[in-house]
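User: I am new to this structure and would like to learn how to read its features. Please give the general idea each time, and then the case at hand.

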Amino acid sequence: MTRHILLQNATILIPSGEKNDQVLPLRGHSLLISDTKISQIAPRIVPPTGAQLIDCTGKIVSPGFIDSHHHVWQTQLKGRHANHALLEYLPNGNLQHANYTPDDVFWGELAGCLEALDSGTTTIVDHAHMNDSPAHTSNGIEAAIASGIRSVFCYTPTLRVKSWKPDIVTSGNLLDEWVLDELRRLGSMAPFGDGRVQLGLAFDGFRLPKEDICSLYGKAREIGVKLITSHYVRNAFNDKSIVATLDDYGLLDADILLSHASNLTEDDVQKLIEKNAWISTTPETELQMGHGELVCFKHGCSDISSMGVDCHSNNSSDMVSQMRLALQHERARRNTSIKTQGLNPRRLNLHVQDVFRLATIQGARAINMADKLGSIEVGKAADLIIIDGESPGMICATEQDPVAAIVLHSSIRDIETVIVDGIIRKRNGKLNSVNVRPSLPGVQICCRNLEWEGVAKELLSSRARIQQAIIEANAHEPERLTEAYIRLMRLNADKYAKQ
Ligand SMILES: [Zn+2]
């Protein structure tokens with residue numbers, strides 16, 4: 001029997017403009033969800049038999065946010081990187097998956113997915129660089145399935161640390177046979193969780209020989225990965241262009257998604273446009289950690305950019321914070337440029353709609369799912385959020401301009417309901433319980449139903465265990481680790497400022 005949810009009397013943000021890049025508020029309208037899809041939008045809809053009714057008077061119904069770059073496993077590391085540059089974060093955060101057990105990955109991932117859902121993210125591109133063993137990856141996928149979020153889980157050949165002192169020593173090679181076997185195994189099982197969790201590939205090993213990289217991309221495409229994502233911060237570690245490398249190797253295509261693309265060249269922009277490849281700007285980490293200027297509003301980049309959170313171990317997980325930060329930072333940059341000419345801005349040429357699209361429809365385009373996600377249209381997936389437009393923070397702004405209300409006045413508190421694939425994951429401001437029912441072979445997680453409080457309890461135990469493991473492994477001295485990381489990666493220490 002068809003399940004129906006009827007949202008009544010809402011302000012619904014529907015697509016408008018030449019390229020459907022803007023949204024327009026339809027006030028006093030209803031929206032019907034039938035099973036996993038949006039089936040009707042009209043001023044009045046007669047409730048089908050058995051429909052769940054949600055009164056949306058005073059509420060905004062928005063497309064769920066699409067976060068196109070996130071390391072979801074890192075929840076237990078939250079708070080460690082508040083004062084870290086990229087160079088410090090890498091050994092002290094990124095490599096610490098070596099001190100995670102597969103169980104720790106499960107709880108970190110589950111809580112990371114729930115934190116994202118709580119803030120209105122319905123789709124996440126998970127750069128899952130914690131593949132210390134097949135069990136680590138399987139547990140990550142199980143957690144994404146259990147959470148109910150829509151995910152492109154990007155399997156990642158990962159640098160694995162076996163000892164930390166006096167130097168960081170890694171074990172095995174990035175593309176050992178078992179790593180490739182695992183990719184094939186996952187490819188034969190994907191997608192997971194009623195199709196919500198798709199398989200992608202994340203890859204950052206551009207120092208490997210061309211043949212190895214081409215062979216990996218070939219295998220990944222053969223098994224049908226949804227996308228291939230990589231970090232790209234030119235000038236952070238070397239001045240090589242990953243775009244040029246991918247293009248030289250014949251690998252640059254519409255399934256390529258590059259995180260940051262900081263300091264990219266004009267040539268890079270042209271190549272990305274030509275090949276329909278994509279960028280994910282992650283404002284909070286990029287501004288803090290020294291990647292360089294945000295490129296999402298750079299000339300030529302707006303139409304090939306989306307937005308992401310990157311490290312919720314470092315910063316907020318909500319896309320509204322990312323939108324707000326990106327918008328106001330770029331405005332400050334443009335205003336400062338005018339001021340340096342001895343003038344004052346007459347008007348602003350960057351609007352709230354310009355950043356709202358990056359977190360919605362552009363995210364869907366970046367993962368090649370714009371036919372299904374990113375906007376509210378009949379026939380698209382019911383990935384929706386209901387926002388309390390009459391909260392103390394949003395009242396009156398909602399009446400004036402609902403997009404301004406979301407981008408500049410909302411907080412996670414206002415995200416009242418979150419629906420993914422027609423299933424309610426948060427209601428009345430509270431996350432629904434999660435149903436843990438492992439489905440992948442060999443996964444050893446108990447079946448159970450868990451409220452957030454239960455997840456939090458497991459997460460705190462896991463964090464304590466990881467902290468202990470970090471100390472026992474001698475991976476707890478941040479400055480020493482940073483120096484060791486420079487040696488491990490053979491970085492030029494003279495390229496880093498001595499503050
Ligand atoms: Zn990242």
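Analyst: Start with the metal. Donors are N, O and S atoms within 2.8 Å of the metal (3.2 Å for Na, K and Ca); water is not among the atoms, so sites may look incomplete. Four donors count as tetrahedral if all angles lie between 85 and 135 degrees; four count as square planar and six as octahedral if opposite donors are over 155 degrees apart and all others between 65 and 115; anything else is irregular. This is a predicted model, in which local features need pLDDT of at least 70 and side-chain atom pairs pLDDT 80 or more, while totals for chains, interfaces and linings use all residues. Residues are numbered from 1 along each chain as its sequence is written, and side-chain values use heavy atoms, with hydrogens and water left out.

User: Which residues coordinate the zinc ion, and what are the angles among its four donor atoms?

Analyst: His-69, His-71 and His-231, each through NE2, and Asp-310 through OD coordinate the zinc ion at 2.1 to 2.3 Å. The angles among the four donor atoms run from 88 to 174°, and the site is irregular. Along the chain the donors have the spacing H-x1-H-x159-H-x78-D.

User: Where do His-69 and Asp-310 lie?

Analyst: Helices (H or I, at least four residues) and strands (E, at least two) are DSSP runs, numbered from the N terminus. His-69 is in strand S6 (residues 65-70) and Asp-310 in the loop between strand S15 (305-307) and helix H9 (319-339), so the pair ties together parts 241 residues apart in sequence.

User: Is His-69 buried or exposed?

Analyst: Buried means under 20% relative accessible area, exposed over 50%, and partly exposed in between (1.4 Å probe, protein chains only). His-69 is buried, at 1%. Asp-310 is also buried, at 4%.

User: How many aromatic pairs are there?

Analyst: Rings of Phe, Tyr and Trp (its six-membered ring) pair if their centres lie within 6.5 Å; planes under 30 degrees apart count as stacked, over 60 as edge-to-face and the rest as tilted. The count is five aromatic pairs. One of them joins Trp-73 and Tyr-100, with centres 5.1 Å apart and planes at 85°, so this pair is edge-to-face. Trp-73 lies in the loop between S6 and helix H1 (86-92), and Tyr-100 in the loop between H1 and helix H2 (102-118), 27 residues apart. Both Trp-73 and Tyr-100 are buried. The rings of Phe-106 and Trp-107 have centres 4.9 Å apart and planes at 90°, so they too are edge-to-face. Ring pairs also link Phe-203, Phe-206 and Tyr-217 into a cluster.

User: What is the volume of the largest pocket?

Analyst: On a 1 Å grid over the protein atoms alone, a pocket is an open set of points where a 1.4 Å probe fits, with protein on both sides within 12 Å along at least five of seven lines; lining residues have an atom within 4 Å of a point. Grid points are joined across faces, edges and corners, and a volume is the space filled by probe spheres set on the points. The largest pocket has about 1,400 Å³. Its lining has 45 residues, and those closest to the centre are Asp-204, Gly-205, Phe-206, Arg-207 and Met-489.

User: How many residues line the second largest pocket?

Analyst: The second largest pocket holds about 620 Å³ and is lined by 24 residues. Helix H15 (478-488) gives the largest share of that lining, five residues.
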